[in-house]
Amino acid sequence: MLIEGRGLAHTYPGGVEALADLDLSISTGELICILGPNGAGKSTLLKALAGLLPITAGSIAWRGEPMISWSPKQRARRLAFVPQSLMALPEVTVGTFVAQGRYAHQGVFTRVTPEDRQAVEQALEQADLADLADRAMPDLSGGQRQRCLVARALAQQSELLLIDEPTNALDPEHQIAIFQLIESLTHEERAVAVVTHDLNLASQFASRIVLLNEGRKVADGTVNEVLERSVLEPVYGPGLRYSSWKIEEGGAGDSGERPIVLPWRSNS
Ligand code: ADP
């Protein structure tokens, strides 16, 4: 077990109970998709696991060890958080921005090492950004910026990536590319938890799906266990159509069929 949260709760100042009594564990090699409607608590959960928000109840352990007293650098060597977007766009090049992911590996006075350079080059390559390394961040499209955020986390070379909606500004080709990249990390002794609204990308890539609603975990299981009407309808309502797609070669799921779930116009 890489990380284990037990009885997690977070109440925002003002009294919004965004997470309540939530258990979640993540093991090496897993690609967990965290689903749920707007306001379900998905971002709050990722930030709590990343140590960016304090939990108001419960505990989080890393390989069985409490994380509470860890410094930001100690955390960053183990886990990387990828936000949905940046509050302020840094006036730096893509290469410099991605290199910031190395800070957890660097001492105050140490120079950039060959390992740092290699990690940054590899991250740029993996996120299909090598050609843009010298471009200024503010000159990029929304999708390119989102890939920069993922690349910065890749450069961090941590064992767990917590990624908040990585595909919402991406065209279909890059959506698949990002998920394929994320999936490839799970083959390198890493684990990834991804918040997404895309039920069909989750269907194709998740090794496990966690469904949240109103701050609570309402389902935690395989793609076929969670992406079905009896589980989703109480959370998303009746406006979805359900089908399945036969796949040629086995992926992360547990059969040759993948559920397809589509938002569908109502007849009324
Ligand atoms: P999700 O990511 O599933 O859309 P969030 O974790 O962002 O949900 O939010 C969960 C709940 O917490 C929502 O009701 C949201 O309005 C509330 N919330 C989120 N951020 C804050 C904040 N900074 N202050 C107060 N309430 C917040």
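In which loop is the place of arginine 63? In this predicted model, arginine 63 sits in the loop that runs between strand E4 (57–62) and strand E5 (65–66). The phi angle of arginine 63 is near 45 degrees, a positive value in a residue other than glycine.

Aspartate 128 also has a positive phi, near 60 degrees, and is likewise a residue other than glycine. Its place is in the loop between helix H4 (114–126) and helix H5 (142–155). Aspartate 128 has a relative accessibility of 52% and therefore counts as exposed, the cut-off for that class being over 50%. The loop between H4 and H5 also holds serine 141. Serine 141 has a relative accessible area of 38%, so this residue is partly exposed. From serine 141 to arginine 229 the C-alpha to C-alpha distance is 37 Å, and the two residues are 88 residues apart in sequence.

The overall secondary structure consists of nine helices and twelve strands. The C-alpha trace of the protein spans about 60 × 40 × 35 Å along its principal axes. The radius of gyration is 19 Å, which agrees with the value near 18 Å that a compact globule of 268 residues would have. Of the 268 residues, 47% count as buried. When contacts between residues at least 6 apart in sequence are considered, 66% of them join residues at least 24 apart.

The protein exposes about 13400 Å², and 50% of this area is supplied by carbon and sulfur atoms. Its charged side chains comprise 24 positive and 33 negative ones, and the centres of these two sets lie 5 Å apart.

Helix H9 spans residues 229–236, and its buried residues are Val231, Leu232 and Val235. These residues cover an arc of only 80 degrees around the axis, which means that they lie on the same side of H9. The face turned away from this buried side carries the exposed residues Ser230 and Pro234. Just after H9, glycine 237 takes a positive phi of about 85 degrees.

Leucine 227 lies in the loop between H8 and H9. At 3% relative accessibility, leucine 227 counts as buried, as this class is defined by a value under 20%. With neighbours within four places in sequence left aside, leucine 227 is in contact with Leu35, Leu199, Ser203, Ile209, Leu232, Pro259 and Val261. Among these contacts, Leu232 is also one of the buried residues of H9. Leucine 227 and glutamate 115 lie 41 Å apart in space, C-alpha to C-alpha, with a separation of 112 residues in sequence.

Conventions: Residues numbered from 1 in each chain as written. Predicted model: local features only at pLDDT ≥ 70, side-chain atom pairs only at ≥ 80, totals over all residues. Heavy atoms only, no water. Buried < 20%, exposed > 50% of the residue type's maximum accessible area, 1.4 Å probe, protein only. Helix = DSSP H or I, 4+ residues; strand = E, 2+ residues; numbered from the N terminus. Arc of directions from axis to C-beta. Rg over C-alpha atoms; globule rule 2.2 N^0.38 Å. Contact = heavy atoms within 4.5 Å. Areas by Shrake-Rupley, 256 points an atom, 1.4 Å probe, with all protein chains shown as cover. Lys, Arg positive; Asp, Glu negative; His and termini not counted. Charge placed at Lys NZ, Arg CZ, Asp CG, Glu CD.
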